[in-house]
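Please read them with the model open beside you.

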Amino acid sequence: MTEAKSHYEVIVIGAGVAGIYQIKRLVDLGIDATVLDSATDLGGTWYWNRYPGCRFDSESYTYGFSFSRELLDEWHWKERFSAQPENLRYLNYVADKFDLRKHMQFNCKVEAMRFDEARDLWRVKVSDGRELTCRFVVLAIGLLSAPTLPRVEGIEDFRGRSFHTYYWPREPVDLAGKKVAVIGTGATAIQLIGEIADKVGELTVFQRRPNWSAPLNNSPISDAEMADIRAHYDEIFATCARTPGGFVHEPDPRGFYDVPREERLKLWDKLYDEPGFGIWLSNFREIFMDEAANAELSEYIADRIRRRVKDPKVAEKLIPKDHGFGVQRLPLETKYFEAYNRDNVQLVDVSETPLVRVTEKGLRTTEHDYEFDIIVYATGFDAITGAYDQIDIRGIGGERLADKWKRGPSTFLGMLVHGFPNLLMPTGPQSASASTNFPRGIENGVNWCMDLLQYMWDRGYTRADATSEAQERWAAHVAKMYEMMLLRKAQGWFTGYNSNVAGHEAGTIRYIVYNGGTPKFVSIINDVAARDYQEIAFTPGSAARAPAAAARASASS
Ligand code: NAP
């Protein structure tokens with residue numbers, strides 16, 4: 001739907017999990033708001049990522065929205081870790097149940113946004129040629145929504161089919177008997193490879209650096225189990241709220257060195273066989289900060305890999321040597337390591353024989369020409385800031401956000417940027433939403449943004465801009481959290497590394513996520529609100545009227 005209307009109180013960009021909750025909150029208040037999305041339909045990450053094996057690594061019942069008891073009572077999660085088709089169905093169900101679709105406009109890519117300082121408005125340029133205006137923009141554009149291809153020649157030359165996992169085709173891809181290449185061994189590739197190894201003719205995996213991975217241990221959820229989950233939703237969400245990652249897995253309260261090694265090993269045996277992130281997040285806290293503790297756990301996991309992969313040389317290649325287990329976000333797998341025991345699966349180490357180019361028939365490394373029917377780029381994302389960089393966002397004095405963030409983002413609480421007034425990012429860079437169980441973080445971020453908006457509407461303020469001092473303090477705090485973690489030594493998207501994006505190579509950390517954990521983050525942002533947002537400069541509007549009412553009036557006009 002494309003509307004003739006050109007002004008809104010709030011424009012939300014992105015119709016994914018965050019955009020859906022954001023518009024629900026705005027609609028409930030009667031605010032004149034719309035959602036713009038470049039896709040043909042809603043769903044965000046679950047609309048795009050359709051590759052085989054794509055599914056939650058959060059327990060499904062911790063991933064759903066918590067805001068409606070009716071919704072919680074109605075929806076039956078079929079699997080502990082639900083797959084993409086079902087997740088997309090869920091988001092559609094939510095949108096339809098609350099009649100949100102009529103507030104969404106699709107095929108609307110936002111190309112540019114400029115803050116009109118004279119009128120305290122954003123001017124939003126859409127790909128269909130329209131310029132819309134609004135008082136506030138909410139960027140709900142996702143964390144991993146700017147996919148990146150390798151910086152290698154010849155991608156266009158390949159005569160077979162090729163795609164990035166993010167753009168996996170909507171119609172089924174016939175893999176039977178096909179020679180398939182997968183480039184990359186991150187979380188996406190790990191899910192994909194485990195799923196397709198027994199469905200393709202031949203599978204060749206091009207790995208540059210291995211990732212740690214542990215079993216997902218997925219299973220169906222019966223009616224009886226679902227009834228039990230429903231009865232315990234309050235406790236489930238309360239647990240998520242008190243754990244650092246926003247998951248149901250609580251850290252072991254004991255000190256690593258207070259527990260005898262034998263007992264540690266027994267605990268790890270148990271956690272490895274349990275569903276989900278237990279082996280990572282129900283472990284001792286020291287594994288994230290203490291080199292020796294982490295090394296012991298890493299060796300344990302390495303042994304588990306050795307037991308699962310028949311060829312010892314292949315097993316060693318699949319064991320990371322450049323970072324320890326769990327220091328960055330852990331991919332979870334199903335039959336991933338066993339895939340390499342199959343005769344039709346081959347591992348090519350491109351750290352030894354680098355990719356030289358894509359050819360008409362396949363891939364060339366320094367050693368060999370490979371021929372394929374399908375090449376899959378599981379090569380990751382320009383994480384978090386990439387999607388922001390793709391919009392030409394200009395704030396006070398015409399400053400470009402992409403320029404400001406060239407060497408890494410700086411924000412206030414991950415939700416505001418000094419010099420870019422009235423621009424809200426419920427899951428922005430340097431927020432905890434970016435580093436935790438995403439929907440739990442989204443609800444925290446959206447709720448905080450809504451409180452801020454309500455505060456302004458109640459007072460007739462038309463402009464909110466975080467102070468540069470507050471932003472500097474937040475950036476310093478975010479950097480300090482990195483310093484405490486072994487994560488700082490890993491090259492992955494949490495440290496802003498992506499070899500395919502200029503300026504994002506190894507060497508400097510981009511402080512893009514908040515690593516202090518959910519409870520600390522929520523307590524900080526709530527404190528800012530409780531102290532009347534002292535870190536934000538507000539401007540009273542000339543036409544100060546109760547904006548919720550004003551918005552309602554404008555909606556009905
Ligand atoms: P990723 O973790 O960044 O992995 C990208 C992979 O591609 C890496 O193995 C990388 O190797 C490789 N690569 C990139 N460029 C290459 C090149 N030019 N030549 C050779 N190899 C290249 O991306 P991802 O796997 O898409 O995962 C990103 C994030 O998405 C995850 O951390 C997670 O947060 C999220 N995710 C979640 C789930 C879930 O279960 N819910 C599933 C999938 C993804 P290097 O490491 O050597 O650069």
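1. Threonine 204 stands opposite glutamine 346 in S12, and these two residues belong to a pairing in which strand S9 (residues 202-207) and S12 run in the parallel sense over five bridges. Two strands are taken to pair if DSSP finds at least two bridges between them, and the elements themselves are DSSP runs numbered from the N terminus, with helices (H or I) of at least four residues and strands (E) of at least two. Four of the five residues of S12 are buried, so S12 is largely enclosed by the rest of the structure; buried here means under 20% relative accessible area, exposed means over 50%, and partly exposed lies in between, with a 1.4 Å probe and protein chains only.

2. Before going further, please keep in mind that this is a predicted model, in which local features need pLDDT of at least 70, side-chain atom pairs count only at pLDDT 80 or more, and totals for chains, interfaces and linings use all residues. Residues are numbered from 1 along each chain as its sequence is written, and side-chain values use heavy atoms, with hydrogens and water left out.

3. The S9 and S12 pairing is part of an open sheet of five strands, in the order S7-S16-S8-S9-S12, with parallel pairing. Strand S7 (161-164) and strand S12 (345-349) stand at the edges with a single partner strand each, so one side of each is left without a neighbour in the sheet. From one strand to the next the twist averages 15°, where axes are lines fitted to C-alpha atoms (for helices over the stretch in contact) and angles run from 0 to 180 degrees between N-to-C directions. Within this sheet, strand S8 (residues 179-183) and strand S16 (residues 374-377) run parallel and are joined by four bridges, and isoleucine 183 stands opposite tyrosine 377 in S16.

4. An open sheet of three strands has the order S13-S14-S15, and its pairing is antiparallel. Its edge strands are strand S13 (355-358) and strand S15 (369-371), each of which pairs on one side only, and neighbouring strands of the sheet are turned by 20° against each other on average, direction ignored. S13 is joined by three bridges to strand S14 (residues 362-365), the two running antiparallel, with leucine 355 opposite threonine 365 in S14.

5. Strand S1 (residues 7-13) pairs with S2 in the parallel sense over four bridges, and the bridge partner of valine 12 in S2 is valine 35.

6. How many aromatic pairs does the structure hold? The count is 47, where rings of Phe, Tyr and Trp (its six-membered ring) pair if their centres lie within 6.5 Å, and planes under 30 degrees apart count as stacked, over 60 as edge-to-face and the rest as tilted. Phenylalanine 163 and tryptophan 168 make an edge-to-face pair, 4.8 Å centre to centre with 70° between the planes; phenylalanine 163 is buried at a relative accessible area of 8%, and tryptophan 168 is buried at 5%. Tryptophan 448 and tyrosine 533 are also edge-to-face, at 5.8 Å and 75°. Tryptophan 448 lies in helix H16 (residues 438-459) and tyrosine 533 in the loop between helix H18 (518-530) and strand S20 (536-540), so this pair ties together parts that are 85 residues apart in sequence. Both tryptophan 448 and tyrosine 533 are buried.

7. Alanine 432 sits in the loop between strand S18 (423-424) and H16, and is buried at 2% relative accessibility. Although alanine 432 and threonine 518 are 86 residues apart in sequence, they are 6.1 Å apart in space, C-alpha to C-alpha.

8. Ring pairs also link a cluster that includes Phe65, Trp75, Trp77 and Tyr90, and these residues are among those that line the largest cavity, together with Tyr61, Gly64, Leu71, Leu72 and Tyr233. That cavity has a volume of about 50 Å³, and there are two cavities of 30 Å³ or more. A cavity is a set of points on a 1 Å grid over the protein atoms alone where a 1.4 Å probe fits but cannot get out, and lining residues have an atom within 4 Å of a point; grid points are joined across faces, edges and corners, and a volume is the space filled by probe spheres set on the points.

Definitions and conventions
1 Å grid on protein atoms, 1.4 Å probe; cavity = no way out; pocket = protein on both sides within 12 Å on 5 of 7 lines; lining within 4 Å.
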